[in-house]
Amino acid sequence: MKTIGQVLLWVGFLSGSLATVFYAPAEGVGYMKAMTPEKALEKDFELPDLQAVVIPEEGWHLIPWVWYGVSVAFCVIGIVVLKNAANPEQQVEQSSNLSLADLSVRLTQLTGNLEGLLESLDDLPPSQITARIDEQLADDFREFADGRNLITTEYGLDVFADVMTQFASGERSVNRAWSAAADGYVDEAEACLKRGRDLLQEAHRLLNDAAKD
Amino acid sequence: MSGDSVEMRQGELIRRGAYPEMTWQAIIVGWILGALIAVSISYAALKLGFSIEGSELAAILGWGVLRGLMRRTSILENNINQTVASAVNGASSGIMFSVPALFILSKKPELSGVADFNVPLMLFACIAGAFIGLAFVIPLRKQMIDFQRLPYPGGIAVATILKSPGAGITKAMYLFGGAIVSGLFFYVVKKKLGYEDVGVGAALGLPPRYSLVFYCSLMTIGVGFLSGKGGFWFGAGGFICYWLLSPVISTFGSPDMQGMVEMPGVMRKFVYKPTGIGMLIGAAMGGIIMAFPLIRSAISSMNRASKSDSASQDEMPIKLLATAVVMGAACLVFLAYKSAPGMSLSTALLMAILGTVWIWIAGVIVAECVGRTNWSPLSGMTLIAVTILIVIAVNMGLGKTETIVSCMVVGAAICLAISQASDMMLDLKSGYLVGAVPRRQQMAQFVGAWLGPCIVIGLMFLLENAGRPPEAADQPVAAVVETSQEGTASSAEQKFDIEKKEYGIGSDALPAAQASALASVIEGLVDGNVPSYRYTAAGGLGFLLAISGLGGIGVMVALGFYMPFNIVLTYTIGCVLRIVCNKTAGNRWAEEFGIPIAAGLIIGEALVDVGFTLPKVIEGLYQTMMM
């Protein structure tokens, strides 16, 4: 059914696009006829950017509305079929191989790695802090973000918004720790890593609470 | 040094104390760099007809000034500097593509009064518009950056520059290597050999309708790389036009259309571009409807967070949005009411309400387009704003001059709002990647946004009046212009001729191509000419794509219709390279090394382009002042 929906949508869209552009505006034809073929191939013939969007005539007859309407109907049917046929979880899983459990694991790994980094922070020179952030955290951040739409599918937009608010703030805080470490401000780096850990833990808690509910 | 104290740890310098971010040094350097960039880019916009994004330049110059000269040591401080500078520069494209149209229109005797607009009111309109745009994107930041995670290729490039001091020598080498290659390519291929495009289609014997011409720009490949597979639908829009619709029309279309598809430039200008604009509007409206639950959740989440936890400390208060909507609409009512004599309160009210709604819609369109592809349809959105306003004013019975002046005053406010909104989203993406606090960055944008209109409007009047002959000083502008409608041009060509002024904006010295185009559009609109039929048909299709549930493709496909196909093709190379890199070398490699190289490609071309523009700007300004 999903394939049928896609086919109907795109057949309708392409047919509607063709109907929209099928007939020439008189102004465009006039301009075209005023040019030699050689001039048409030159770059200099280009009109100023906005000028050509004005076509000084009433052009409603240039759109074959019956054809256009049928195309739109195809699109609408395609969308309805897609909406009915789509299994949202499958849709998300196509763009990411993660499950909800995997998302939880990513958050556990992120908070665990941040904890580890914080424990050894006093012994690390700034360049090692940035290197550890890149090596130990970047993949988990990316993979959680890739699978984030699963949260919407399973728990709805409000939970998604709450979890992603904490997650994004946590990721941004870790990014700030990277910048601070790169500039040598180790106190700021430590404070940001702690804050990032807390925010990611909060994201994890919200995700777990949603699962319990 | 900025830190309170300095010590060594395992041979590396560490600093104790507060990490500098929103400092006076960053703001003042941002103002100065922003003013310099705004003057240069505004002049370039009048002279050459295009604008340049200032964030990358500001980040690099800020790097040199703050780190090199002032010995400052903070990535985030430089981020604030580039945010302030790009906010100042945001006025250059916003104003120079719109307001000069009034000077150009004033060449016509019956419209000579349009140049006598209320300057303080115009300045207020531009500043108010900029602030309204900034306030409107507060919830969009969360939606587009935190939730949707749009790539914002330009933002990634700026963040890569900002982070380069700490990214390690290898990444820095990739960044600068990419910049050198791109800069050299631009210099040799474009400037020395004069190649703008490579016509592969002609070499392969393909008919012109396929428009298989690649834009010679490594920067565009870099942008495509940073967009990755997310940019696929942008390319698809272009391919639908030139590889599907054009061939079908060439077989089944009328003789006129069969002729037109063999001139892809004409086809784009008269058919695909208006279709793309209509589709963009429809897709944006559909996108807003689809995204509304997410925006509502974002606002609710911000409200909940503000009562409970630390994540909210980073955000501007959401109440500011509500206040801005009310204040913005009130400002627009005031601006519209005061902009022209004879303006009724009901007309002003209607213009303000629709203007406010349009700022929101266009802000979403431009923020999403910049977020996904790095290209902004600002000119198209300005056109629609002016169209809406003119339709209202004409139907409410305003005179021609009053219509044009009032629509340009309110239109300038809307244009600035859209311009600042997209610039701010781009800067917020850079900020996200370096860990800046959004609230501080938003404040920095407000701190910079007021200065740009003052500088750019001042420059505009300077250039308009510099070189005015003494004997013309007391004459109306229309009396000292010459027309170029004589001669042997065909009637079709005559319609597109722009009358030339002897001096100032609109003269040969300062052709102001974008504003000239807008001026001719305004003339057409006042006479009731607009391709609303094509906007309507295309808008319906864009709307359907947007509500199809295939996230974000409506705007992307529409942008593919709107943009020149040579750019789409080259951009697609970058997208394909990213997909291949991800598949073969892995996501990690693509992010660790591919992104610095791609960012370098963007930076190199931009800097060399600016390098070529700057002497012309200085020379031109000098000559204009001496005339």
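Mentor: Let us begin with burial. A residue counts as buried if 20 or more other C-beta atoms lie within 10 Å of its own. Please bear in mind that this is a predicted model.

Trainee: Is B:G154 buried or exposed?

Mentor: B:G154 is buried, because 30 other C-beta atoms lie within 10 Å. This residue belongs to helix α7 of chain B, which spans residues 153-163. From B:G154 to B:L383 the C-alpha to C-alpha distance is 24 Å, with 229 residues separating the two in sequence.

Trainee: How do the axes of α3(B) and α7(B) cross?

Mentor: An angle between axes is placed in a class, and one over 145 degrees would count as roughly antiparallel. Here helix α3 of chain B, residues 75-96, and α7(B) cross at roughly 140°, their axes coming within 9 Å. The two helices are therefore oblique to each other. Their crossing is right-handed.

Trainee: Which residues of α3(B) and α7(B) meet?

Mentor: From α3(B) come B:I75, B:N78, B:N79 and B:Q82, and from α7(B) come B:V158, B:L162 and B:K163.

Trainee: What is the average pLDDT of chain A?

Mentor: Where pLDDT is low, the predicted coordinates should not be read in detail. Chain A averages 83, and 79% of its residues score at least 70. Over residues 43-57 of chain A, however, pLDDT stays under 50. The model has 48 contacts beyond four places in sequence for that stretch.

How values were computed:
Residues are numbered from 1 along each chain as its sequence is written. Chains are lettered from A and ligands numbered from 1 in the order in which they are written. This is a predicted model: local features need pLDDT of at least 70, side-chain atom pairs count only at pLDDT 80 or more; totals for chains, interfaces and linings use all residues. Helices (H or I, at least four residues) and strands (E, at least two) are DSSP runs, numbered from the N terminus. A residue is buried if 20 or more other C-beta atoms lie within 10 Å of its own, exposed if 12 or fewer, and partly exposed in between; C-beta atoms are placed from the backbone. pLDDT is the predictor's confidence in each residue, from 0 to 100. Two residues are in contact if their C-beta atoms, placed from the backbone, lie within 7 Å. Axes are lines fitted to C-alpha atoms, for helices over the stretch in contact, and angles run from 0 to 180 degrees between N-to-C directions. Angles under 35 degrees count as roughly parallel, over 145 as roughly antiparallel, 65 to 115 as roughly perpendicular and the rest as oblique. A crossing is left-handed if the near helix is turned anticlockwise from the far one by less than a right angle, and right-handed if clockwise.
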